[in-house]
Amino acid sequence: MNTRLVLIWLLCCFLSACQSTDEQNVASPPTLLNDSLFPSYHLFPVETIDEIFYLGEDAQFFAEKAVHNKSTLQKNVKGLVKAIFDHSDYGMLYRNSANTTADTTFNNRAANCLSLSIMTYALAEHVDLVATFYEVDIPEYWTRREGYSLLNGHINMRVSMPEVNHVTSIGGSWADVDFDPQMLRNYFPRKPVSKNKIVSMYYNNKGADALVANSYTRAYSYFRAAATLTPELQQSWVNLGVLYRMVDAYEQAEMTYKHALSLDDENLTAWENLSILYTHQDRDEEAMQITQMVEAKRKNNPFYHYILGEQAFEAGDIIAAIEHYRKGLKLDNARHEILFGMAKAHHELGDVSEAQRFLERAVKHSPNQQEKQRYSSKLATLASN
């Protein structure tokens, strides 16, 4: 089992969300926030809600021009959404690590699904449209980064005309916004979430960035802000538990994981991190019981086998990696990440023809232009050798 698993809400377009409780008033026990472990956290202030959703003059003018492209007496909701996706020479770029504020996202012309939603919300609000955030409920999905396994979630949104409106609409009264159209076509269940919860997810993303960069005090500042603003959000507590474990505050970590599980005892990442903690404490029997329960529930998830393949590949066990990837493809043979895993594993073994075959399939099943170009570039390099 990976000893550096982190629950993180890296809200990206084709990624999934873990379960979370309905929003409610959940008191956060003060003992769960241990400022004494990170006494200088206040030197790393987090962005305020106003700073996260702030738009500069260029972005404001962009929204006004896009929504009133025909007349100031008419609003074009779909026109605004189309303009957002066209907002660069090659369209708005997808970037997993783009955990940025609304105005920075607009100026950089690159986003992940969370920053895209934050920017769209701000643009829509500026021109008096209604924007609703949605959390999409899809299976656990991980990515690998700097030796960490990061659990990803997914957010999309709907922009619509207000119910009471003195301006007519063009081309429909609403439009959904999502980097991955497959999400909308698959009709994954989704539920509306508050602006505060979105801000807490943003803080979790920023905290995870800091944790991966070994900036633990900065990470605490962000996770603390997330847990304080939206105490019912489980991933904040799990992230804090991971951070506590990494600074050897084992009792604090266990308390925090168990609090996350009190919010939802089906949170498998909280269970897995608790198992990792028990392993560190030589509580092997308790750890094994949790591990067996988690593995039994995850065995039908292709991404579980994918992440095991990635870990095996990084450890240099290519044969084991291929076996894990193969199990994942048996469950879903159209996942571009697993297909690319097979390609790089076969390339490592010197089997160029198989590597090329899997790369071609990865290109075919890519969810966006950036991934397609990435795989196509690797395919071209392989073909030229």
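I take helices as DSSP runs of H or I with at least four residues, numbered from the N terminus. The model I am reading is predicted.

The unreviewed UniProt entry lists residues 234-267 and 336-369 for it. I checked residues 234-267: the chain there is 79% helix and 0% strand. The end C-alpha atoms of that span are 8 Å apart. Residues 336-369 also come out at 79% helix and 0% strand. Their end C-alpha atoms lie 13 Å apart.

**Entry: α9 and α10**
I went to helix α9, residues 234-246, and helix α10, residues 250-263. Their axes come within 8 Å and cross at roughly 165 degrees. An angle over 145 degrees counts as roughly antiparallel, so α9 is roughly antiparallel to α10. I noted a left-handed crossing of α9 past α10. On the α9 side, the contact residues include Trp-237, Val-238, Leu-240 and Tyr-244. In α10, I found Tyr-250, Ala-253, Tyr-257 and Leu-263 among them. I sorted the contact residues into 10 nonpolar, five polar and one charged.

**Entry: α11 and α12**
Next I read helix α11, residues 268-280, against helix α12, residues 284-298. The angle is about 155 degrees, with the axes 8 Å apart. The 145-degree cut-off applies here too, so α11 is roughly antiparallel to α12. I logged this crossing as left-handed. Leu-268, Trp-271, Glu-272 and Tyr-278 are among the α11 residues in the contact. From α12 I list Asp-284, Glu-286, Ile-290, Lys-297 and Arg-298, among others. The contact residues divide into eight nonpolar, four polar and five charged.

Conventions
Residues numbered from 1 in each chain as written. Predicted model: local features only at pLDDT ≥ 70, side-chain atom pairs only at ≥ 80, totals over all residues. Heavy atoms only, no water. Axes fitted to C-alpha atoms, helices over the stretch in contact; angles between N-to-C directions. Helix = DSSP H or I, 4+ residues; strand = E, 2+ residues; numbered from the N terminus. Parallel < 35°, antiparallel > 145°, perpendicular 65-115°, else oblique. Left-handed = near helix turned anticlockwise from the far one by under 90°. Contact = heavy atoms within 4.5 Å. Nonpolar A, V, L, I, M, F, W, Y, C, P; charged D, E, K, R; others polar. UniProt positions renumbered as here; feature names shortened; annotations may be inferred.
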